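Please read it alongside the model shown below.

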Amino acid sequence: IAAMQPSTNWHLEENGRDHHTSKFSSKELIVRRGQAFIVTFNGTEQPEQNLTFIAETGPKPSKLAKTQATFGISSTVSKESWSAVLQSTSSNSVSISISSPPNAVIGRYKLSVQSTSSGSSSPASLGTFILLFNPWSSGDDVFMPNKAECEEYVLEEFGIIFAGNKNHINSFGWNFGQFQGDILNICLSMLDRSLNYRKDPATDVSHRNDPKYLGRVLSAMVNANDDQGVVLGNWSGNYEGGKSPSSWTGSGEILLNWKKSGFRPVRYGQCWVFAAVLTTVLRCLGIPTRTITNFSSAHDADGNLRVDEFYDASGNHLDRAADSIWNFHVWNESWFSRSDLGPSYSGWQVLDATPQEESGGIYQCGPASRNAIKEGDVDLDYDCPFAFAEVNADCMYWNYDTTTGKKTLMFSESTVIGQFISTKAVGRDDRVDVTNDYKYAEGSKKERDTFKKARRKLGLEDKFDPTAPTPQEIDQKPDISGKFKVAGPLEVGKDLNLILVLANLQSDAKTVHVNMTAWSTVYTRRPVHEIWRDSISVTLSPKEEKQFPIKIPYTGYQQQLTTDNTIQATALCHVEGGIQVLVQRDITLDNPAIDIQVLGEAKVNKEVDVEVTFTNPIDMEVMDCVLQVEGNDLLRGILEIDVPPLKAREKSSTKFKLIPFETGPKHLLVNFSCDKFADIKTFKMVNVVD
């Protein structure tokens, strides 16, 4: 090869189209493994058959570690190794088609060419390209046969995340933005900042062909624990010194902030933020991924498939156990094969980047095969017992005497955990329920057998557990039953009206002393502020049912509400001569609505007006109003608009302009905050035409 530097044409447009990477806005070639791409270069004076190519990645490329490949021009594509096939030549340029094996290491490669005939001439660099996973290729571990699913789980930048509680599911939009600006480079630098890479860079890079390895490493890197990862968790209800977790509308701002700050953790996240960022990173690298919301999700800290909750005599939910039941929890599923476990465990794998429990000494979780969870095969890698408990644990509710430390079981439940497990539909904005993919029908014999099998595999069936309730405690029957009914709207800004319904189940009269409390909580049901308490004594005639209306005025909870808008109401009923009965209800209040209108047709490179309207529903002024807007291909970065204070019942209208720069269906996401309402969200699909 002559001393001159060859110039390379990477055929960005054609390769991008063939490899489903044209959504990346990069000047660097981005292709997927196990599939051919075209490169043309000049500056070689040699006959083609004398050329050798070198593709290498990582700090110490080696053939043994499969981070370096040398290959000449051959007549056919090899399935097992890198190969090059001649496309065409002209007097001074050569076009070749390069193929990588379907199990190649992913990441940034250097490509060089060397002439074999001229002896020891050093290789000439053709430049760099990035290799990603290929769900469209049948030889890849992440192969996904259904094309519509590839579109949704790899190429779709907009998502819907479900939240709320099991009685009241709500949802909000999210901008994953995996193809925007610098995101791919940030994802690659995330891999280079992991603990594994720091320990042994060459070995770490050689494992980057394996989606289960990368999924596990990234589940650790998305949280800040252990490794100065991307997002710092905060569940205190106080988010000073950062952004409240519920104020984010997309992953891009978080990832860019992480890089801009010199890779210092971004404040603050909660489960859906960790899950959404992990979705962005995995989709970006080509691993099909989605977010999953589990309602009434167990956090079983001690691995006994049981969650214990404690209440004092006044009915206060005590924050004394490591175990908890979250109103909802969001994690990820990624799609890949499990050669380590066998074909029946391939498909969707659970990954969870929320730092809840350590695994292998650090905060990481998964991949746990969803099929293994359903079948109770909790002895299989990775973190199956924790994921199994999230959807299956039994609940024990104890009365705890704070002076003596004595605990008494009030009741236990085996069907309350893991309900309405939800994800966004493929190609639509609807909710799809996947509960049956995680477990057999609650109450069925198969479901109880699977639970027993899991307990057996964890060695829980045969060892004595001093903290477990006795069979006598479990079998005791209460004399009364109780429930909270909602009477009226569940909206921030309105009084909260509940009815406590108590029923005597016996044929003799019962006297009951009821201690009631209501606390504002975080969505994990962690109590934050007491907002109301009351107590009553009642006598119930045989089989009698009585109703007691409860009213908590807006002024009584407004100051104490967290950004999650959640309240837990509890009634602890002391029945004379009988066992105590706990009645509780978790309430999620809805924010008032906000509305977006696009005024006119959205056309590429033309201004279009957007109007956001909000009506203050309460009898007081709201201040500190901020509107934040984002949307890929509609505006660059995030638009923040300060909105003037709104008097009682006043309607505001805010207008701004967009200049869309791509055609097709795009999503505009809006978040509105003020001193009385946190993070009111909505989104609008905008169809941009030529």
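In this predicted model, the centres of domain 1 and domain 3, taken over C-alpha atoms, are separated by 68 Å. The domain assignment places domain 1 at residues 8-132 and domain 3 at residues 477-588.

**Domain assignment**
- Domain 2 is assigned in the pieces 159-227, 270-394 and 406-458, while domain 4 is given as residues 594-688.

**Largest cavity**
- A search of the whole structure returns two cavities of 30 Å³ or more, and the largest cavity has a volume of about 60 Å³.
- Its lining is made up of Glu152, Tyr153, Gly159, Ile160, Phe176, Arg283, Arg290, Thr291, Thr423 and Lys424, and the elements that give two or more residues to this lining are the helix α2 (147-155) together with the strands β10 (158-165), β14 (289-299) and β22 (419-424).
- Sorted by class, the lining of the largest cavity holds four charged residues, three polar residues and three nonpolar residues.

**Second largest cavity**
- The second largest cavity has a volume of about 40 Å³, and the residues that line it are Ile373, Lys374, Phe388, Asn392, Tyr438, Lys439, Tyr440, Glu447, Thr450 and Phe451.
- Two or more residues of this lining come from each of α9 (370-375), α10 (384-392) and α12 (445-457), and α12 supplies the largest share, with three residues.
- By class, the lining of the second largest cavity has five nonpolar, three charged and two polar residues.

**A four-stranded sheet**
- Four strands form an open sheet in the order β16-β15-β20-β21, and the pairing within this sheet is mixed.
- The edges are taken by β16 (317-318) and β21 (407-413), each of which has a single partner strand, so one side of each is left without a neighbour in the sheet.
- Strand β20, which covers residues 394-400, runs antiparallel to β21 and is joined to β21 by six bridges; across this pair, Met396 stands opposite Ser412 in β21.
- As a general point, the strands of a sheet pair through backbone hydrogen bonds, in either a parallel or an antiparallel manner.

Key
Residues are numbered from 1 along each chain as its sequence is written. This is a predicted model: local features need pLDDT of at least 70, side-chain atom pairs count only at pLDDT 80 or more; totals for chains, interfaces and linings use all residues. Side-chain values use heavy atoms; hydrogens and water are left out. On a 1 Å grid over the protein atoms alone, a cavity is a set of points where a 1.4 Å probe fits but cannot get out, and a pocket is an open set with protein on both sides within 12 Å along at least five of seven lines; lining residues have an atom within 4 Å of a point. Grid points are joined across faces, edges and corners, and a volume is the space filled by probe spheres set on the points. Ala, Val, Leu, Ile, Met, Phe, Trp, Tyr, Cys and Pro count as nonpolar, Asp, Glu, Lys and Arg as charged, and the others, Gly among them, as polar. Domain bounds come from an automatic or database domain assignment. Two strands pair if DSSP finds at least two bridges between them.
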